Amino acid sequence: MTGNRAIFLALAFGLIEFAAFSVHSAAQVQPAESPARNFDVQKLAEGVYAVIRKDLPGLMVDANNVFIINDDDVIVVDANGAPAITTEVLAALRKLTSKPVRYVINTHYHDDHIRGNQVYRDAFPGVEFIAHAFARDYLPNQGAINRKGFLEGAPQFRDTIKELMGKNKNLGGGDLTPEERASYESDIRLIDLVLGEGAQAQTVLPTITVEDRLTLHRGNRVIEILHLGKGHTAADLVVHLPREKIAVTGDLVVWPVPLVGNPQSHVGAWAATLEKLRALQPGLIVPGHGPVMRDDSYLRQLAELFTSIKQQTAAAAARGETLEQARKSINLDEFRERFAGESSVRRVSFGMYVAGPAVAAAYAEASAKQ
Ligand SMILES: [Zn+2]
């Protein structure tokens with residue numbers, strides 16, 4: 001491992017939820033006029049719109065959002081990684097309706113889904129923030145530690161990739177490809193957006209917490225807020241519109257490579273949670289990061305991955321292997337191919353966010369059971 005590679009891994013793991021991959025290939029995407037405005041608004045059903053980020057695959061991501069416009073008010077699913085981004089998202093909502101935002105639902109506690117909360121709090125007196133009860137406990141404690149770690153680590157990470165780009169090198173020490181260069185540039189734009197307000201960003205805690213489910217009724221619309229089980233975190237919520245057959249999944253579903261944290265994620269439970277999501281039979285799925293999905297094929301692919309990791313890791317632990325031995329005996333080649341293909345950016349992501357932490361998290365779970 002080269003020095004650069006070591007820096008990369010150390011910093012990127014510190015980035016936690018700011019690291020993952022997005023949707024478009026370099027060829028498709030032009031930088032938006034404003035990095036904060038780098039999203040498309042897509043109509044999903046009458047009064048229901050998805051805000052889909054267009055950032056390139058890379059180490060930094062920002063959350064998708066959903067607007068649910070009701071007879072008298074609006075429900076927003078997820079905020080963003082910086083108030084500047086949420087200000088643009090709110091401006092997009094304003095083009096659709098002048099109704100007030102009454103509820104913001106945070107699908108989990110990660111900063112790229114909650115840091116924009118303060119924009120809604122400031123714009124809409126009385127707005128309520130809904131999240132899982134565990135998120136309310138997590139945010140002022142480990143959440144604050146994670147945020148501090150990001151704010152301290154991100155400038156160095158940004159400088160490192162800028163320096164490498166100047167030398168035409170990638171983080172692994174090889175020659176920089178056009179895909180990698182575009183990805184690094186996208187990362188820098190998002191890092192700068194977050195750091196621009198780093199010190200001032202406030203944590204807005206949930207005012208309503210959910211353990212299992214909460215149902216909102218707005219005219220004819222039914223909005224189910226469901227904790228289907230653990231997966232990406234212990235605080236994952238899904239927003240389900242049964243009449244419109246839409247599911248908003250947060251980071252239980254992230255495309256093109258899932259985002260796994262150790263110890264935050266629950267690899268052993270994740271597949272079962274995804275099966276409950278599939279059982280809702282949504283016709284449209286809005287992932288935490290990535291494009292709107294119109295069938296459950298990617299959910300099945302994710303469930304197969306987590307089932308395989310769980311089974312292979314349990315078998316390795318049962319054979320008495322150490323984690324390091326298990327890493328060698330567990331074979332994820334098929335899944336690396338399916339998720340990352342030939343993309344060097346995605347293959348790095350698969351290593352960092354699946355092979356690395358998912359195996360470690362599953363090994364810890366398997367060892368605890370023995
Ligand atoms: Zn997340």
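In β4, which residue is the bridge partner of F67?

Analyst: The bridge partner of F67 in β4 is V76. The model is predicted: local features need pLDDT of at least 70, side-chain atom pairs count only at pLDDT 80 or more, and totals for chains, interfaces and linings use all residues. Residues are numbered from 1 along each chain as its sequence is written, and side-chain values use heavy atoms, with hydrogens and water left out.

Start with the two strands. F67 pairs with V76 where β3 (residues 65-69) meets β4 (residues 74-77). Four bridges join these strands, and they run antiparallel. Strands (E, at least two residues) and helices (H or I, at least four) are DSSP runs, numbered from the N terminus. Two strands count as paired if DSSP finds at least two bridges between them. Strands of a sheet pair through backbone hydrogen bonds, either parallel or antiparallel.

Now widen the view. β3 and β4 belong to an open sheet of seven strands, in the order β1-β2-β3-β4-β5-β6-β7. Its pairing is mixed. The edge strands are β1 (39-45) and β7 (208-210), and each pairs on one side only. From one strand to the next, the twist averages 20 degrees. Helix α5 (residues 133-166) packs on this sheet and touches β6 (128-132) and β7. The direction of α5 makes about 100 degrees with that of β6. Axes here are lines fitted to C-alpha atoms, for helices over the stretch in contact, and angles run from 0 to 180 degrees between N-to-C directions.

F67 and V76 also meet in the core. The largest nonpolar core has 43 residues, and F67, V76, L93, V101 and Y120 have the most contacts inside it. Such a core is a set of buried Ala, Val, Leu, Ile, Met, Phe, Trp, Tyr and Cys residues joined through side-chain atoms within 4.5 Å. Buried means under 20% relative accessible area, exposed over 50%, and partly exposed in between (1.4 Å probe, protein chains only). In soluble globular proteins, nonpolar side chains tend to be buried together. Take L93 as an example. Neighbours within four places in sequence aside, L93 is in contact (heavy atoms within 4.5 Å) with F67, I69, V74, V76 and V101. A second, separate core has 38 residues, including L299, A303, A326 and A361.

What follows β4? D78 sits in the loop between β4 and α2 (83-96). Its phi is near 70 degrees, a positive value in a residue other than glycine. Most residues other than glycine have a negative phi, and most peptide bonds are trans. D78 counts as buried, at 2% relative accessibility. Q281 also has a positive phi, near 55 degrees. Q281 lies in the loop between α7 and β12. Q281 is exposed, with a relative accessible area of 56%.

β10 (residues 238-241) and β11 run antiparallel, joined by three bridges. They form a hairpin with four residues between them, and K245 in the turn has a positive phi of about 55 degrees. L241 stands opposite I246 in β11. β11 (residues 246-254) is mostly covered, with nine of its nine residues buried. β11 also pairs with β12 (residues 284-289), here in the parallel sense, over five bridges. In that pairing, A247 stands opposite I285. Helix α7 (residues 267-279) carries the chain from β11 to β12, and this β-α-β crossover is right-handed. Right-handed means that, with the strands pointing away from the viewer, the path from the first strand over the helix to the second runs clockwise.

The loop between β11 and α7 holds P256. P263 is found in this loop too. The peptide bond from W255 to P256 is cis, with omega near 5 degrees. The bond joining N262 and P263 is also cis, and its omega is about 15 degrees.

The structure holds 24 salt bridges (a side-chain nitrogen of Lys or Arg within 4 Å of a carboxyl oxygen of Asp or Glu). One of them joins E224 and R213, at 3.6 Å from N to O. E224 lies in β9 (residues 221-226) and R213 in β8 (residues 213-218), so the pair ties together parts eleven residues apart in sequence. E224 is buried at 15% relative accessibility, whereas R213 is exposed at 51%.
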